[in-house]
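Visitor: Please take me through this one, starting with how the elements are named.

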Amino acid sequence: MKIGILGTGNIGKTLIRRLSAAGHEVKAANSRGPETIEADVLASGGRAVTAAEAVVDVDAVILSVPFASIAQVAPLIAKVPTGTVVLDTSNYFPFRDNEIGAIEAGQPESVWASEQLGRPIVKAWNSIGAESFAHRNKPAGSADRIALPVAADSPRERELAMALVEDTGFDAFDAGPLAESWRQQPGTPGYCTDLTRQDLPDALAAADAARAPKRRDLGLAVVQERFGAGEQPDGEYLVRLNRAMCM
């Protein structure tokens with residue numbers, strides 16, 4: 001497929017590498033310009049372009065930008081044909097994104113994002129940490145392959161996104177419509193707990209909408225207290241913490 005990726009942070013970089021290595025024609029862009037995208041990110045065949053170029057003549061656009069930037073890319077996405085699938089990898093964190101009243105009141109993050117963009121979207125790749133995403137991919141059929149939930153209202157768009165998730169080295173799990181995507185948000189049992197296809201369905205079913213934001217914020221407080229501002233925990237620590245607090 002032809003894929004445009006907006007955002008070259010940790011998740012975006014891995015998406016560019018994996019999807020281009022899988023044979024897709026990938027255009028990559030960020031807010032700083034194509035010249036700032038490192039050569040190793042493009043080593044598998046991705047091409048650095050401007051943000052405006054990234055969303056032209058593609059089958060899918062993947063938004064790998066901070067949640068607070070969703071509204072900023074809305075004008076670009078408004079130009080994308082309705083047949084193009086738009087996927088979102090972001091998560092809402094009020095300490096970083098400022099509190100959003102609708103989400104604080106219980107609206108699923110992706111439903112809010114879809115409203116800002118003025119079109120249907122797919123929620124994918126938001127439920128795995130950057131380190132696990134970069135290093136814990138496995139061939140299809142591996143017994144311990146991590147499964148990732150994919151939520152969307154359109155079955156066609158959900159199936160396309162699931163195929164792309166598989167191409168990045170993870171089992172794709174059909175998580176239903178976008179209204180159910182809160183089950184893969186931060187603070188839930190399925191978020192950054194690196195579960196297999198066997199265990200993920202029960203984790204999604206066990207999600208508690210009232211409990212999730214509290215666990216999300218408590219987890220952040222634990223990390224800040226343990227590591228402070230100058231050090232970041234590794235991916236294995238975060239998986240253990242999320243499993244202990246959310247499952």
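Guide: Helices (H or I, at least four residues) and strands (E, at least two) are DSSP runs, numbered from the N terminus. The model is predicted, so local features need pLDDT of at least 70 and side-chain atom pairs count only at pLDDT 80 or more, while totals for chains, interfaces and linings use all residues. Residues are numbered from 1 along each chain as its sequence is written, and side-chain values use heavy atoms, with hydrogens and water left out.

Visitor: Where do Glu236 and Arg240 lie?

Guide: Both belong to helix 11, residues 235–246, and they sit four residues apart, about one turn of the helix. Glu236 and Arg240 form a salt bridge (a side-chain nitrogen of Lys or Arg within 4 Å of a carboxyl oxygen of Asp or Glu), and their closest N and O atoms are 3.5 Å apart. Glu236 counts as exposed because its relative accessibility is 55%, where buried means under 20% relative accessible area, exposed over 50% and partly exposed in between, for a 1.4 Å probe and protein chains only. Arg240, at 47%, counts as partly exposed.

Visitor: How many salt bridges are there?

Guide: The count comes to 16 salt bridges. One of them joins Glu180 to Arg183, with the closest N and O atoms 2.7 Å apart; Glu180 is partly exposed at 30%, and Arg183 is partly exposed at 22%. There is also a network of salt bridges that links Arg145, Glu166, Asp171 and Arg197.

Visitor: And Glu157, which side chain does that one meet in a salt bridge?

Guide: The partner of Glu157 is Arg156, at 3.9 Å from N to O. Glu157 is buried, with a relative accessible area of 7%, whereas Arg156 is partly exposed at 44%.

Visitor: Let's stay with helix 8, then. Which of its residues are buried?

Guide: Along with Glu157, the buried residues of helix 8 are Arg158, Leu160, Ala161, Met162, Leu164 and Val165. The helix covers residues 155–167, and its length agrees with expectation, because 13 residues at 1.5 Å a residue should span 18 Å and the end C-alpha atoms are 18 Å apart; the expected span is 1.5 Å times one less than the number of residues. After helix 8 comes Gly169, whose phi is positive, near 100°.

Visitor: What about the largest nonpolar core, which members touch the most others?

Guide: Those are Leu87 and Trp125, in a core of 31 residues. Strand 1 (2–6), helix 1 (10–21), strand 2 (25–29), strand 4 (60–63), strand 5 (85–88), strand 7 (147–150) and helix 8 each give two or more residues to this core, and helix 8 gives the most, with five residues. A core here is a set of buried Ala, Val, Leu, Ile, Met, Phe, Trp, Tyr and Cys residues joined through side-chain atoms within 4.5 Å.

Visitor: What does Trp125 touch?

Guide: Not counting residues up to four places away in sequence, Trp125 touches Leu15, Ile62, Leu87, Thr89, Phe133, Leu148, Leu164, Val165 and Thr168, where contact means heavy atoms within 4.5 Å. Apart from this core lies another, of 25 residues, among them Phe67, Ile77, Val80 and Ala113.

Visitor: New topic: how many aromatic pairs?

Guide: The count comes to five aromatic pairs, with rings of Phe, Tyr and Trp (its six-membered ring) pairing if their centres lie within 6.5 Å, and with planes under 30 degrees apart called stacked, over 60 edge-to-face and the rest tilted. Phe93 and Phe95 form an edge-to-face pair, 6.3 Å centre to centre with 65° between the planes; Phe93 is buried at 13%, whereas Phe95 is exposed at 55%. Ring pairs also link Phe67, Tyr92 and Trp112 into a cluster.

Visitor: And where is Ser127, and is it buried or exposed?

Guide: Ser127 is found in the loop between strand 6 (122–123) and helix 7 (130–135), and at 3% relative accessibility Ser127 counts as buried. Leaving aside neighbours within four places in sequence, Ser127 is in contact with Leu148, Pro149, Gln184, Gly190, Tyr191 and Cys192.

Visitor: Last one: what does Val65 touch?

Guide: With residues up to four places away left out, Val65 touches Leu6, Gly7, Ile70 and Ser90. Val65 lies in the loop between strand 4 and helix 3 (70–77) and is buried, with a relative accessible area of 15%. The C-alpha atoms of Val65 and Thr89 are separated by 7.6 Å, although the two are 24 residues apart along the chain.
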